[in-house]
Amino acid sequence: MSALRWAAALGNADWHLCAPLLVALAAAWHTDIATVTTGVAAYSLGQGLALPLWGWLADRYGPGCSLRTGLVVAAAASVGSALCPGPGWWVALRTAAGAGFATVTPSVSLYFETLRPAPARQRAFAALTTVTAASALASPLLADTALSIGSWRPAFAVIALLTVVTVWRIGAVCPHPPPAAPPARGPAPASGPGPEPRPATRARPDPAPLPAAYAYATVLGLGAAEGTVMLGLPSLLAPALATTGAATATSAVLVSYALGVLGSTLVLRRHARLWRPARLLATGGTLGAGGAVLAALVPGAAVLMVCAALLGTAWGYLHTTLQTWLPRLFPSSARARAASLFSAAAILASSATVAVTTSLLQEGRHTVVFATGAALCAALTCWTLLVARRRWR
């Protein structure tokens, strides 16, 4: 499990590493920041386009082979990024890095599919999200350390080295997922002086997979809706601060969001054992909608910090619940593809949302943007609760 967490942490760190280095990259290549920022968009594009391929490979050849192959591609792209001579190569190498690290989502999802009951899967996803949130907090420190010694190149060299070590830790032979734990046949024997508390969520057999067309529509639709709200809105917080004259707080709002994710996943490990999926989804959706409403009604740097923390907390509850249950809409032979399509739809929808709404923020229409986000978050919550009531009781 530690190698899986390292792979997820490195992919997230590589993504967050670019923003603090944009000024240094532009200065090194004598170009503008907009040109260098194209590499960030290229990373997302490579990730979104490669996800379905890695999902198919994981279903066909196993998560171990898919994970090792993708990480080798990512390590090579990180080495290239450390040696990159100019912005053209930078965009190409960032696309390759995003495509390589995209293997983490379907491979890890398929590996966790063997965990039973469902709360065990969700606790595993929550632990993974905790690690990725911590890596998002560590990335600016790595970037600042690299810049303090006079160059941005060592930062990507460190990512490349750690990725190679992670590939080696996965093993020379592609590992298979651990065997599923057999279902409990009766109550566990008492291990203490008194009876143990009875969890609210019991292990129940999964419902039969849905018809293919309906399953694909549900996964793609929920992925796009979650990407629009849960990825799009946090991405708009920094531009919203910049357009209101609080540009110096843009890094702080990203830290606030990461702390929200980190705190929620720590608490979620207990709640996933005691709460039903519908309650987890409702909690995440309510927090996300509440944060967007605050940002719409009370604009300002302090409120956007609170909004960032609420959106981060909402992500922990909503996203890990969907990660846990959505692949079960598909038969076992296609569950990595389900996870990859869900993530690809979320990433592409988020990119489109940011592209469409950034101009509205520049025009000062913050209330419209965040009020619309709150309404969409409420609609997403209602949709997930409908699916949960029908399939995940």
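Predicted model: local features only at pLDDT ≥ 70, side-chain atom pairs only at ≥ 80, totals over all residues.
Let's start with confidence. The average pLDDT for the protein is 85, and 87% of the residues score at least 70.

Now for the charged pairs. The model has 5 salt bridges, and here are some of them:

| Salt bridge | N to O distance |
|---|---|
| R94 and D14 | 2.9 Å |
| R328 and E113 | 2.5 Å |
| R335 and E113 | 3.4 Å |

Take R94 and D14, which meet in a salt bridge. R94 sits in helix α4 (residues 87-101) and D14 in helix α1 (residues 2-29), so their pairing ties together parts that are 80 residues apart in sequence. Both residues are buried.

Next come the partners of E113. R328 and E113 form a salt bridge, with R328 in the loop between α11 and α12 and E113 in the loop between α5 and α6, 215 residues apart. R335 also meets E113 in a salt bridge. R335 is in helix α12, so this pair ties together parts 222 residues apart in sequence. R335 counts as buried because its relative accessibility is 13%, under the 20% cut-off. Through shared partners, E113, R328 and R335 join into one network.

Finally, V369 belongs to helix α13 (residues 366-391). Leaving aside neighbours within four places in sequence, V369 is in contact with L236, T357, L360 and L361.

Key
Residues numbered from 1 in each chain as written. Heavy atoms only, no water. Helix = DSSP H or I, 4+ residues; strand = E, 2+ residues; numbered from the N terminus. Contact = heavy atoms within 4.5 Å. pLDDT = per-residue confidence, 0-100. Salt bridge = Lys/Arg side-chain N within 4 Å of Asp/Glu carboxyl O. Buried < 20%, exposed > 50% of the residue type's maximum accessible area, 1.4 Å probe, protein only.
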